[in-house]
Amino acid sequence: MTAVKTTESAAPAGSVPPALPPAVTGGARERRRGGAFDRALPYLLLAPAVIAILWLIGFPVVSVFVTSFRQLNLGELFRGEIVWTGFDNYAEILQDERFWDVTVRTIVFTVAVVATSVIAGLLIALLMRSLSPWVRIVLQVTMLCAWAMPILASATVYIWMFDQTYGILNKTLVKLGFDSFAGHSWFSSGASTLTVVGLLIVWQAIPFLAFSLYAGLLGIPRDLYEAAGIDGASGVQTFRAVTWPEIKSLLMMVTFLSTLWDFKVFAQIWVFKEGGPSGESTTLAVLQYLEGIAKGHFGVGAAVSVVMMIILALLTFQYLRRLLRTEEGQL
Amino acid sequence: MRRPVANVFGLVLAAFFAFPTYWMITSALKPKGTLLTSGYDLVPFKVTAVNFVTAWTKQGFLSSLANSLTVTLTAVLASIVVGLLAAVAMSRLRFRGRKGFVLLMLVAQMAPFEALLIPMFLMMRDLQLYEHLTSLILVYFAVTLPFCAWTLRGFVNGIPIELEEAAMVDGCGRWGAFQKVTLPLLGPGLVATSVFAFITAWNEFLFAKVLIRSQDRETLPVFLSGFQTAFGTDWGGAMAASVLFTVPALVFFLIVQRKMVAGVTAGAVKG
C-alpha cells in the first residue's frame with residue numbers, strides 16, 4: 001500500500017530533481033504514509049469546536065435577525081404561528097421616545113464608565129512603578145480580591161453599603177458632619193442609581209486594566225528612560241515622549257475591550273433597581289430583557305437586540321482591525 | 001513622584017479596593033442584633049458564625065450551590081477538551097483554511113451573548129431544554145469555548161515544537177510526543193484557561209435568570225439576586241451567602257496567580 005501511494009503521488013511531482021538526498025526522500029515518504037488520515041486530522045480536531053460555534057453562536061445570530069422581522073408574542077409562540085411584519089418592530093421601537101432615552105443613556109453610561117476605569121487603571125499602573133515593593137504587593141492583593149469577587153456578591157455588598165438607613169456610607173457621611181445624608185436614599189433617581197452601579201463596575205474593572213497596563217509599562221526598555229533622564233526631560237515630557245508611544249496600542253485594546261463589556265452590562269443594573277425607579281436606570285440590555293422576556297414580545301425584544309448588535313459590531317470591527325494589524329504575523 | 005507620597009496614595013487605593021471585601025466579611029461575622037443599629041462600628045466587637053449557618057441552611061442555598069457547581073464544571077470541562085483539540089490543530093498543524101478557522105475563533109470570542117438572549121431562549125424552548133440545567137451548560141460551553149480555544153492556542157504556541165520533534169526522533173509517535181511532552185508542559189496553561197472560564201460561568205446571571213424559572217434548579221447568582229426575598233433585611237445572612245459564593249472564585253484566582261508567575265515553559269529547552 002505504501003509503495004502504491006508513493007508512486008501515485010510521486011507522478012505529478014515531475015519537476016523534482018531525480019537525485020534527492022536520502023533524508024528528504026525519507027521525510028517525504030513519512031508524510032505520504034499518513035495520507036488521508038493526516039490530511040483529515042486538523043479538520044477532525046476542529047470539527048467539535050466549529051460545529052458547536054455554528055450551532056450555538058452562528059444560528060442564534062441569524063435567528064435574532066429573523067425574529068426581529070416577525071410578530072412573535074406569547075400567543076404566536078404557543079400556537080407556533082409565523083407572522084411576518086417586515087420592519088414593524090423596528091418602527092415601533094424607533095418611534096418610541098423611551099427607546100431613544102434608553103439608547104442615549106446606555107451610550108453615556110458606557111462612555112463614562114469606560115473613561116473613568118481606563119484613566120484610573122492607567123494612573124494606578126503608573127503609580128505602581130513608584131511604590132515600595134511591599135505597598136505594591138498589598139495593592140495588588142486587594143485589587144485581586146476586588147477582581148475575583150463574583151458580580152452578584154459584590155453587588156449585594158454595595159447595596160448593603162449604600163443602604164438608606166443602616167448603610168456604612170450614610171453613617172460615615174453623617175459622622176463627618178454631612179447631616180443631610182441621614183436616611184439619604186441613593187436609589188431614588190435613575191442618575192444616582194446608575195452612578196452607584198457605575199462605581200461598582202469601575203471598582204471591579206480597574207484591577208484588570210491596571211494589571212494589563214502595568215505589565216505593558218514593565219515591558220518598556222529601561223534605557224529609553226535613562227536617555228530621557230540624561231536629556232533632562234521632566235516627568236510629563238518623559239511620559240509623552242517615552243511611555244505614551246509605547247503603551248498607546250495596548251491602551252486602545254483595553255479601551256475597546258472595556259467598551260464591549262460595559263455596553264452590555266445587565267446583572268449589576270438589574271439587581272440594584274431592576275432598571276428603576278420608573279425605568280430611569282434602564283439600559284439597552286435591560287430593555288431587551290423587559291420587552292422580550294418579561295413582556296413576552298419576542299419580536300420587539302429581538303429588534304432591540306439587533307440594535308445592540310449593530311453598535312457592538314461597529315466597535316468589534318474596529319477592534320479586530322487593530323488586533324489583526326498587530327498579530328498579522330502570528331495568524 | 002516621591003516614594004513616600006506614592007506609598008500613601010497606594011495604601012489609600014488599597015483600602016478603597018479592600019473595603020467592600022472587608023465589609024462583606026465583617027458584616028457576615030457580626031451578631032444579628034448589631035447590624036441594624038445606628039451604632040458606628042467599623043470593627044466588629046463580637047464575632048459569630050451564626051450567619052453562615054443561616055445562609056448554609058437557607059431554603060435553596062445548597063441546591064443552587066450544587067446547580068452552580070454542576071453547570072459550571074461541566075461546561076468548563078467540555079470547553080477545555082473541545083478547545084484543546086481545536087487549539088492543537090490551529091497551532092501545530094498546517095492545512096488549508098487554517099487562517100479562516102483562527103479568525104472564526106477570534107470573531108466568535110467577540111460574540112455579544114447578551115444580545116443573543118431571545119434567540120437562545122426560543123432555541124432552548126424548541127429543544128425542550130427550557131427549565132433544564134442542560135440549557136445553561138450549553139450556553140456556558142458556547143460562551144467559554146472560543147476563549148478557551150484561542151487562549152490555549154497561545155499556550156501551545158508557547159511550547160517549542162522542537163521538544164515534540166525531539167521526542168519523535170527518540171521514537172515517540174505523534175500522539176506519544178504530544179501526550180508525554182506537550183500535555184504536561186501545557187498544565188499551567190490549562191489551569192489558567194479553565195479558571196477564567198470557570199469565573200465567567202460562575203458569574204453568569206442573565207441566562208441563568210431567563211432559562212431557569214423553578215427555584216430548585218436556579219444557580220447561585222439568581223439565588224443571591226433574590227436575597228431580599230430569601231433573607232429579608234437579614235444582611236448578615238446575605239453577606240455570609242456572598243462570602244460563601246466568593247470563596248471558590250477567590251481560591252481559583254489565587255491558584256492562577258501562582259501558576260502564571262511560575263512561567264509556562266521556563267527552562268524546558270535548556271534541559
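Q: What does pLDDT express in this predicted model, and what is its mean for chain B?
A: In this predicted model, pLDDT is the predictor's confidence in each residue, on a scale from 0 to 100. The mean for chain B is 86, and 94% of the residues of chain B reach 70 or more. The model as a whole scores ipTM 0.86 and pTM 0.85.

Q: How many residues of chain B are in contact with chain A, and what makes a pair of residues count as a contact?
A: Two residues are in contact if their C-beta atoms, placed from the backbone, lie within 7 Å, and by that criterion 71 residues of chain B are in contact with 65 residues of chain A. Helix 1 of chain B (residues 3-29) supplies the largest share of the side of chain B that touches chain A, namely 15 residues. By class, the residues on that side of chain B are 58 nonpolar, 10 polar and 3 charged.

Q: Why are helix 7 and helix 9 of chain B called roughly antiparallel?
A: The axes of helix 7 (residues 133-158) and helix 9 (residues 174-203) of chain B come within 9 Å and cross at roughly 150°. Angles over 145 degrees count as roughly antiparallel, and therefore helix 7 and helix 9 of chain B are described in that way. The crossing of these two helices of chain B is right-handed. Among the residues that make the contact are B:Y140, B:F147 and B:F155 of helix 7 of chain B, together with B:L186, B:G189 and B:A197 of helix 9 of chain B. The contact of helix 7 with helix 9 of chain B has 10 nonpolar, 6 polar and no charged residues.

Q: At what angle do helix 10 and helix 11 of chain A cross, and which residues make the contact?
A: Helix 10 (residues 222-230) and helix 11 (residues 235-263) of chain A have axes that come within 10 Å and cross at roughly 145°. Helix 10 of chain A passes helix 11 of chain A in a right-handed crossing. A:L224, A:Y225 and A:A228 of helix 10 of chain A meet A:T238, A:A241 and A:V242 of helix 11 of chain A, and these residues divide into 5 nonpolar, 1 polar and no charged.

Q: What makes helix 6 of chain B mostly covered?
A: A residue is buried if 20 or more other C-beta atoms lie within 10 Å of its own, and 8 of the 10 residues of helix 6 of chain B are buried. Among them are B:L117, B:P119, B:F121 and B:M124. Just after helix 6 of chain B, B:Q128 takes a positive phi of about 60°.

Q: Why is B:E131 called partly exposed?
A: Because B:E131 has 14 C-beta neighbours inside 10 Å, its count falls between the limit for exposed, 12 or fewer, and the limit for buried, 20 or more. B:E131 is found in the loop between helix 6 (117-126) and helix 7 of chain B, and phi of B:E131 is near 75°, a positive value in a residue other than glycine.

Key:
Residues numbered from 1 in each chain as written. Chains lettered and ligands numbered in written order. Predicted model: local features only at pLDDT ≥ 70, side-chain atom pairs only at ≥ 80, totals over all residues. Helix = DSSP H or I, 4+ residues; strand = E, 2+ residues; numbered from the N terminus. Nonpolar A, V, L, I, M, F, W, Y, C, P; charged D, E, K, R; others polar. Axes fitted to C-alpha atoms, helices over the stretch in contact; angles between N-to-C directions. Left-handed = near helix turned anticlockwise from the far one by under 90°. Parallel < 35°, antiparallel > 145°, perpendicular 65-115°, else oblique.
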